Amino acid sequence: MSVMGQPPFDAVVAAHHGEIHRYLRRATARASEADDLSQETFLRAYRAYRTLTPEANVRAWLFTIATNLARNHFRSESRRRRAHAEVRATRATAATEGPEHTALYNEARARVEALVARLPQKQRLAFVLRRVHDLDYDTIARSLDCSSESARAHVFQALRKIRVSLDGQELPHQE
Amino acid sequence: MKGKPSQCLEIEPTLAATATGDGDAAAAARVEVHVAVCAPCRAAFARYRDLGRAVAAWGRVPEAPPDAARARLESRLADLRKRTLLYRVFPSPLGDLLIARSEAGVSLVEYLAGGDAGRSRLLRTAGVEAIEDGADVEVLYRELMEYLEHKRTRLEWPLDLRLARSDFHRRVLAATAEIPYGAVMSYAGIACEIGKPAAVRAVAQALRWNPLPIVVPCHRVVGTSGALTGYAGDRVGLKQRLLAVEGVPAVRSRDDFRIPRDAMYVRTPGSTEYCLPSCAWLERIEHPHRVVRFASRASAEAAGLTPCTDCRPDLHPLAR
């Protein structure tokens, strides 16, 4: 008899860990928490991986697990505030990377990041899932336990808030 | 913000979606019609479009790949894999059985009263991650059923003895695994085999906690007198049935069963032959407990033994 068929879970890690980590980094705004939460995401996924049907969308499923973990993690609002205070404190350093980017460009990016970090949780998560990771609204709705119309509304509210906050400021961009 | 016309308020979500590349063609057409006649919304459209680009740029920020995080995850996963036991509960003629296996091999066969996995010792064992999953243990179950239906005499499974309680228990189990199909040995014999001839009771305890009954055939270990003495707690009836599957008869005697030890063929320690119980050789052996008894010539020969050339069990078979 062969040894237990090695599940291709290693391939799942290889394919998605980077992206899930980046997502959690944006969703939680702290690298250390992204490390812990992405680890927990994959440990949970490993435990449940065998119950997944072959046709399941593994990427969307991982995002759902990660989102749930992020939401639980931030259930304590004070924790979130602490995290955001840290984001603001590190803004200056975040805006000074890569010679190929202009300082202005970096500044715009940093402003977006700071504004995203200040959004209410569901809006922030919906926004990042949609605008950065390009997940479909059904998946976002499942992750956030809401209808896909609400998911769409969360993304719009996030966009609108960021736009209003940025009103009167230039938004330089590179093509 | 001064009161916007309701039409502008209504179209803003669609406008924002379209400007950030998130709208469909019909939405785009509506937005186009509206911004053609509404200057504030035209400006808003441009703002959303710029915002969409800034967000896209933010999303593309090449972050240092989380190598350290990845390495930590892989080490945690490796550990989790090692600790993971996949299990499932199956019906069997002996009652519900839980079968569990690890990456290394089969680690638990458990008689499960009422089929309730919640009562399994798996869930009471520290450091074990139990995951219910049928696919990997289904094959084992089928082979086990074939064994119980007398269609198979060997279960050649890689074993994982992690659930044994000590190295002493593992040695007892390893010695027990050597007893051939259709044969029995005594508790005292196993104690001798592992070099602890006085540890008969400890051997019985080790077999009582055998994590792999049937597979590690503790049912083939009986009392010196031939009494079955015990099995999996108080399930001595199961022991009798398992021995019956292998052609070893056991008759009821009061509240126990007894095998006809004096009417069985005998293999002496280290021998490649089998003898009649009356063979003169048997009186001269050093460790009489270490004999293995076979119910039939067929099972002795299936274990690779040949008839003793002195007592000639082939010419004078035991009456059954």
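Q: What is the mean pLDDT of chain B, and what share of its residues reach 70 or more?
A: This is a predicted model, in which local features need pLDDT of at least 70 and side-chain atom pairs count only at pLDDT 80 or more, while totals for chains, interfaces and linings use all residues; side-chain values use heavy atoms, with hydrogens and water left out. Residues are numbered from 1 along each chain as its sequence is written, and chains are lettered from A and ligands numbered from 1 in the order in which they are written. The mean pLDDT (the predictor's confidence in each residue, from 0 to 100) of chain B is 90, and 97% of its residues reach 70 or more.

Q: Where in chain B is confidence lowest, and where highest?
A: The lowest mean, 85, belongs to strand β7 (residues 251-253) of chain B, and the highest, 97, to helix α6 (residues 167-176) of chain B. Helices (H or I, at least four residues) and strands (E, at least two) are DSSP runs, numbered from the N terminus.

Q: And chain A, what is its mean?
A: Chain A has a mean pLDDT of 80, with 74% of its residues at 70 or more. Within chain A, helix α4 (residues 77-94) has the lowest confidence, at a mean of 57, and α7(A) the highest, at 94.

Q: Which residues of chain A stay under 50?
A: Residues 1-7 of chain A do, and the model has 17 contacts for them beyond four places in sequence, a contact being heavy atoms within 4.5 Å. Residues 91-101 of chain A are also below 50, with 13 contacts beyond near neighbours in sequence. Where pLDDT is low, the predicted coordinates should not be read in detail.

Q: What are the ipTM and pTM?
A: The model scores ipTM 0.75 and pTM 0.74.

Q: Switching to pockets: what volume has the largest one?
A: The largest pocket has a volume of about 530 Å³. On a 1 Å grid over the protein atoms alone, a pocket is an open set of points with protein on both sides within 12 Å along at least five of seven lines, whereas a cavity is a set of points where a 1.4 Å probe fits but cannot get out; lining residues have an atom within 4 Å of a point. Grid points are joined across faces, edges and corners, and a volume is the space filled by probe spheres set on the points.

Q: Which residues lie nearest the centre of the largest pocket?
A: Of its 22 lining residues, B:T153, B:R154, B:I179, B:Y181 and B:R220 lie nearest the centre. Helix α10 (residues 297-302) of chain B gives the most to this lining, with three residues.

Q: How many of the lining residues are nonpolar, polar and charged?
A: The lining has 14 nonpolar, three polar and five charged residues. Ala, Val, Leu, Ile, Met, Phe, Trp, Tyr, Cys and Pro count as nonpolar, Asp, Glu, Lys and Arg as charged, and the others, Gly among them, as polar.

Q: How many cavities of 30 Å³ or more are there in the whole structure?
A: The search finds one. The largest cavity holds about 30 Å³ of space, and its lining consists of A:R25, A:R26, A:A29, A:E113, A:V116, A:A117 and B:W58.

Q: Is B:S120 buried or exposed?
A: B:S120 is buried, at 1% relative accessible area; buried means under 20%, exposed over 50% and partly exposed in between (1.4 Å probe, protein chains only). B:S120 sits in the loop between β3 (106-111) and β4 (129-132) of chain B.

Q: Which side chain makes a polar contact with that of B:S120?
A: The side chain of B:E110 does, at 2.6 Å. A polar contact is a pair of N or O atoms within 3.5 Å; within protein, one must be able to donate a hydrogen and the other to accept it, and residues adjacent in sequence count only if both atoms are side-chain atoms. A polar atom of the B:S120 side chain also lies 2.9 Å from the backbone nitrogen of B:L122.

Q: Last one: what does A:R131 contact?
A: Apart from neighbours within four places in sequence, A:R131 contacts A:V155, B:T20, B:D22 and B:V55. A polar atom of the A:R131 side chain lies 2.6 Å from the backbone oxygen of B:T20. A:R131 belongs to helix α6 (residues 121-132) of chain A and is buried, at 19% relative accessible area.
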